[in-house]
Amino acid sequence: TFPDRQIKLCAPTGKASRRMNEVISLPAQTIHKTLNYLPFSPDSIMDIECDLLIIDEVSMVDIDLFHKILSHIKPQTSIVLIGDYNQIPSVGPGLILRDLIDSGKIPTTILTKVFRQSNGSSITSVAYDVLNNTPQNIKDRESNSDFIFYNTSSTIQTTRIIEKYIEKM
């Protein structure tokens, strides 16, 4: 711990910031709240006063928001970016996390163990098959409670299957 250092935690969404708070037991906010940023009121943005800024779910941060973050911290502020660049990208332009990692210009640690799925879950292995472009492994896998593969021949057929499951839910 750094009792004489001010640490701020933030994430792009309220859900992600609440999860940070639960896991770390420190206050966390959305990035927008941390900046006091109201998208249609650019004059509302305030500087982020801290020694260490930890941002989770960075794969969801677009280039505009990342620019606002960097423009509103002190030069001596350290930043820790957390995210999985294989997860959902930002809605806005830019692949900030992927580009930073691919640049080779920042220290990076890549975790190889998945903690979110239970042992025996096929979701993780299916995700790796998709990432490694080995779809034949997915077709050969038996369906279980957390994964079902449907080989469809048209978007209409795919849409009907999705609608069927939504109706059940």
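**Exercise 1. The sheet**

Task: In which order do the four strands of the open sheet stand, and is the pairing parallel or antiparallel?

Solution. Step 1: The four strands make an open sheet in the order β2-β1-β3-β4, and their pairing is parallel. Strands here are DSSP runs (E, at least two residues), as helices are (H or I, at least four residues), both numbered from the N terminus. Two strands pair if DSSP finds at least two bridges between them.

Step 1: β2 (28-30) and β4 each have a single partner strand and stand at the edges, so one side of each is left without a neighbour in the sheet.

Step 2: On average, neighbouring strands of this sheet are turned by 25° against each other, direction ignored. The axes behind this angle are lines fitted to C-alpha atoms, for helices over the stretch in contact, and angles run from 0 to 180 degrees between N-to-C directions.

A note on the model: it is predicted, so local features need pLDDT of at least 70 and side-chain atom pairs count only at pLDDT 80 or more, while totals for chains, interfaces and linings use all residues. Residues are numbered from 1 along each chain as its sequence is written, and side-chain values use heavy atoms, with hydrogens and water left out.

**Exercise 2. Pairing of β1**

Task: How many bridges join β1 to β3, and over how many do β1 and β2 pair?

Solution. Step 1: Strand β1 (residues 7-11) is joined to β3 by four bridges, and the two run parallel. K8 has L53 as its bridge partner in β3, and L9 has I54.

Step 1: With β2, β1 pairs over three bridges, also in the parallel sense. Here C10 has Q29 as its bridge partner.

Step 2: Between β1 and β2 the chain passes through helix α1 (residues 14-24), a right-handed β-α-β crossover. Right-handed means that, with the strands pointing away from the viewer, the path from the first strand over the helix to the second runs clockwise.

**Exercise 3. A serine in α1**

Task: Is S17 buried or exposed, and which residues does S17 touch beyond four places in sequence?

Solution. Step 1: S17 belongs to helix α1.

Step 1: The relative accessibility of S17 is 5%, so S17 counts as buried. The cut-offs are under 20% relative accessible area for buried, over 50% for exposed, and in between for partly exposed (1.4 Å probe, protein chains only).

Step 2: Leaving out residues up to four places away in sequence, S17 touches A11, A28, Q29 and T30. A contact means heavy atoms within 4.5 Å.

**Exercise 4. The nonpolar cores**

Task: How many residues has the largest nonpolar core, and which elements give two or more residues to it?

Solution. Step 1: The largest nonpolar core has 17 residues, and I31, L35, I48, L53, I55, L65 and I69 have the most contacts inside it. Such a core is a set of buried Ala, Val, Leu, Ile, Met, Phe, Trp, Tyr and Cys residues joined through side-chain atoms within 4.5 Å.

Step 1: Two or more residues of this core come from each of α2 (31-35), β3 (52-55), α3 (63-71) and α4. The largest share, three residues, is that of α3.

Step 2: Apart from this core lies another, of seven residues, including A11, A16, L52 and I54.
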